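Visitor: Please take one part of this model and go through it closely. I would like to see how its side chains are placed and what surrounds them.

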Amino acid sequence: MARNSIVSDESVMISLSNVKKVYPGGNVALQNVNLEINRGEFVFVLGHSGAGKSTFLKLILREETATAGRVVVNGRDLSKIRQRDIPYMRRGLGVVFQDFRLIPTMTAFENVAFAMRVTNISEREIRKRVPYVLNLVGLAGKAKSLPAEMSGGEQQRVALARALVHSPPIIIADEPTGNIDPELSVEIMELLKAINMVGTTVVVVTHEHELAQRFSERIITIDHGTVVDDVWQKGGANI
């Protein structure tokens, strides 16, 4: 990793400083965004479609770069990181996508194991770690099931297990309840909250205000590319 990409403050997991993102054609997706997410926080990033949430995600995953300003994730300045080091940076992020992104021809076990094999983890470690995370998300009995044989909620749990398998310090959930029933949405959020309670930083990007009000202690609202609200509320989830 390039030395000048390392930032010293280890308590700040995600930081955007005076960030602006302009796409070709002049579309301003984000402007003057300043925010910090600290280690161990459980944060919702709220916004309607087109508000800038997707661009926020792409910047912290280093799928896009900021037009101006600085983005720091897990201690690394993403404007200075080398292209070849981006995959290593992403290993510190567990990402849960709305559409699950499971491989349909692979079982639950194989989908989670695949995330380890692509980073050259030993088969011995895979055989030990995968059953552990599947049990953690309540899928111990579904290891041999294909995605088509599982409900939407079970598929989302496989996606969550895949995100957890490397024990990343940060979990990013992109509309994690968008394709499942409301009662299952609560179960997924309870799982994310439990993961957060053991020290993992969790960021949920969504448009669902009710879930945010119920589960999060901090809600960041993005509208028309700017942070319009950053509110702390007492309590959070009652689980």
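Predicted model: local features only at pLDDT ≥ 70, side-chain atom pairs only at ≥ 80, totals over all residues.

Guide: F42 has a relative accessibility of 4%, so it counts as buried, the cut-off being under 20%.

The structure contains one aromatic pair. That pair is made by F42 and F44: their ring centres are 5.8 Å apart and their planes stand at 50 degrees, so the pair is tilted. The limits that matter here are under 30 degrees for stacked and over 60 for edge-to-face, and an angle between them is called tilted.

The ring of F42 has a charged group over it as well: the charged end of K193 sits there, 4.6 Å from the ring centre.

F42 and F44 both belong to the largest nonpolar core, which has 40 residues; they are among the members that touch the most others, together with V112, L160, M189, L192 and V204. Several elements supply at least two residues each to this core: the strands β3 (42–46), β7 (170–174) and β8 (201–206), and the helices α3 (108–117), α4 (123–136), α5 (152–164), α6 (182–197) and α7 (209–215). For L160, the contacts beyond four places in sequence are V96, V137, L191, L192 and I195.

α3 and α5 each give at least two residues to its lining, as do α2 (86–90) and β6 (93–96). The space in this pocket is about 580 Å³. Its lining has 20 residues, and those closest to the pocket centre are R90, L93, A115, V118 and R162.

One further element is helix α1 (residues 53–60). Six of its eight residues are buried, so the helix is largely enclosed by the rest of the structure. The buried ones are K53, T55, F56, L57, L59 and I60. After α1 comes R62, which has a positive phi, near 60 degrees.

Technical notes. Residues numbered from 1 in each chain as written. Heavy atoms only, no water. Core = buried A, V, L, I, M, F, W, Y, C linked by side-chain atoms within 4.5 Å. Buried < 20%, exposed > 50% of the residue type's maximum accessible area, 1.4 Å probe, protein only. Helix = DSSP H or I, 4+ residues; strand = E, 2+ residues; numbered from the N terminus. Contact = heavy atoms within 4.5 Å. Phe/Tyr/Trp six-rings, centres within 6.5 Å; stacked < 30°, edge-to-face > 60°. Lys NZ or Arg CZ within 6 Å of the ring centre and 35° of its normal. 1 Å grid on protein atoms, 1.4 Å probe; cavity = no way out; pocket = protein on both sides within 12 Å on 5 of 7 lines; lining within 4 Å. Points joined across faces, edges and corners; volume = space filled by probe spheres on them.
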